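Please look at the sequence and the model first, and then read the points below.

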Amino acid sequence: MIHLENSLGKAVEVAEVTGMYLSEARNALEGDLETEILMAEDDQAEYGTVIAQSPAAGETVSQGETVTLTVCVRDVAGMELEAAGELVTRLELQPEVEHAFSADVREGCVVKAELEPENGIARLT
């Protein structure tokens, strides 16, 4: 009988990135692991920070595997445009500003925001 062992590649321990801003978390995982981003509302966490990760910190995975990062977002509608733009850049999104009339939202504030992480943009109207 011949016993064969298959290599799983280089083993990598997943770093703890919860609580970090998205860019910091990606930097901590860069080189060994890929990242996938999910967005979720959380009133307790700071906007743009990682609120969950999978696999968990300390787990051993193969180099090149994907770590899913859930990042805190909130609706920026009603915020001043400049402040909303600063927040969405924490998500590594480029703000795209569109202008619209609104009887309900004061001038200079966001009427609607559409986050498109797959395209790397945040549409702010």
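Helices and strands are here DSSP runs, a helix having at least four residues and a strand at least two, and they are numbered from the N terminus. The model is a predicted one. Read from the N terminus, the elements of the protein chain follow the order β-α-β-β-β-β-α-β-β-β.

**Overall form**

- The radius of gyration of the protein chain is 19 Å, whereas the globule rule gives 14 Å for 125 residues; the chain is therefore more spread out than a compact globule.
- Taken along the principal axes, the box filled by the C-alpha atoms is roughly 80 × 25 × 20 Å.
- Of the 125 residues in the protein chain, 30% are buried.
- The protein chain exposes about 8,000 Å², and carbon and sulfur atoms supply 46% of this area.
- Among contacts between residues at least 6 apart in sequence, 70% join residues at least 24 apart.

**The sheet of β2, β5 and β3**

- Strands of a sheet pair through backbone hydrogen bonds, and the pairing may be parallel or antiparallel.
- Three strands form an open sheet in the order β2-β5-β3, and their pairing is mixed.
- Which strands lie at the edges of this sheet? They are β2 (34-41) and β3 (50-54), each of which pairs on one side only.
- On average, neighbouring strands of the sheet are turned by 25° against each other, direction ignored.
- Strands β2 and β5 run parallel and are joined by eight bridges.
- Within this pairing, Ile37 has Leu69 in β5 as its bridge partner.
- Helix α1 (residues 22-29) packs on the sheet and touches β2, β3 and β5. The direction of α1 makes about 170° with that of β5.

**The strands β6, β7 and β8**

- Strand β8 runs parallel to β6, with four bridges between the two.
- Strand β8 also pairs with β7; here the strands run antiparallel, and four bridges join them.
- Leu124 in β8 stands opposite Val97, and Leu124 also stands opposite Ala113.
- A hairpin is formed by β7 and β8, with four residues between them. In its turn, Gly120 has a positive phi of about 75°.

**Salt bridges**

- Side chains of opposite charge can pair when their charged atoms come close.
- How many salt bridges does a search of the whole structure find? The search finds nine.
- Arg106 lies in the loop between β6 (94-97) and β7 (113-116) and Glu80 in the loop between β5 (66-73) and α2 (81-89), so the pair ties together parts that are 26 residues apart in sequence.
- Arg106 counts as exposed, with a relative accessibility of 55%, while Glu80 is partly exposed at 46%.
- Another salt bridge brings together the side chains of Arg123 and Glu96, at 2.9 Å from N to O. Arg123 belongs to strand β8 (residues 121-124) and Glu96 to strand β6, so that this pair links distant parts of the chain, 27 residues apart.
- Both partners are partly exposed: Arg123 has a relative accessible area of 26%, and Glu96 has a relative accessibility of 31%.
- A further salt bridge is formed between Glu114 and Lys112, with an N to O distance of 3.2 Å. Glu114 is partly exposed at 33% relative accessibility, and Lys112 is partly exposed at 44%.
- Salt bridges with shared partners also join Glu96, Glu98, Glu116 and Arg123 into one network.

- Leu91 is found in the loop between α2 and β6.
- Is Leu91 buried or exposed? Its relative accessibility is 3%, and a residue under 20% counts as buried, so Leu91 is buried.
- Leaving aside residues up to four places away in sequence, Leu91 touches Leu22, Met39, Tyr47, Gly48, Val71, Cys72, Val73 and Leu115.
- One of these residues, Val71, is 20 residues from Leu91 in sequence, and their C-alpha atoms are 7.9 Å apart in space.

Note on methods: Residues are numbered from 1 along each chain as its sequence is written. Side-chain values use heavy atoms; hydrogens and water are left out. A salt bridge is a side-chain nitrogen of Lys or Arg within 4 Å of a carboxyl oxygen of Asp or Glu. Buried means under 20% relative accessible area, exposed over 50%, partly exposed in between (1.4 Å probe, protein chains only). Two strands pair if DSSP finds at least two bridges between them. Axes are lines fitted to C-alpha atoms, for helices over the stretch in contact, and angles run from 0 to 180 degrees between N-to-C directions. Contact means heavy atoms within 4.5 Å. The radius of gyration is taken over C-alpha atoms; the globule rule is 2.2 Å times the number of residues to the power 0.38. Accessible areas come from the Shrake-Rupley method with a 1.4 Å probe; for residues, only the protein chains shown count as cover.
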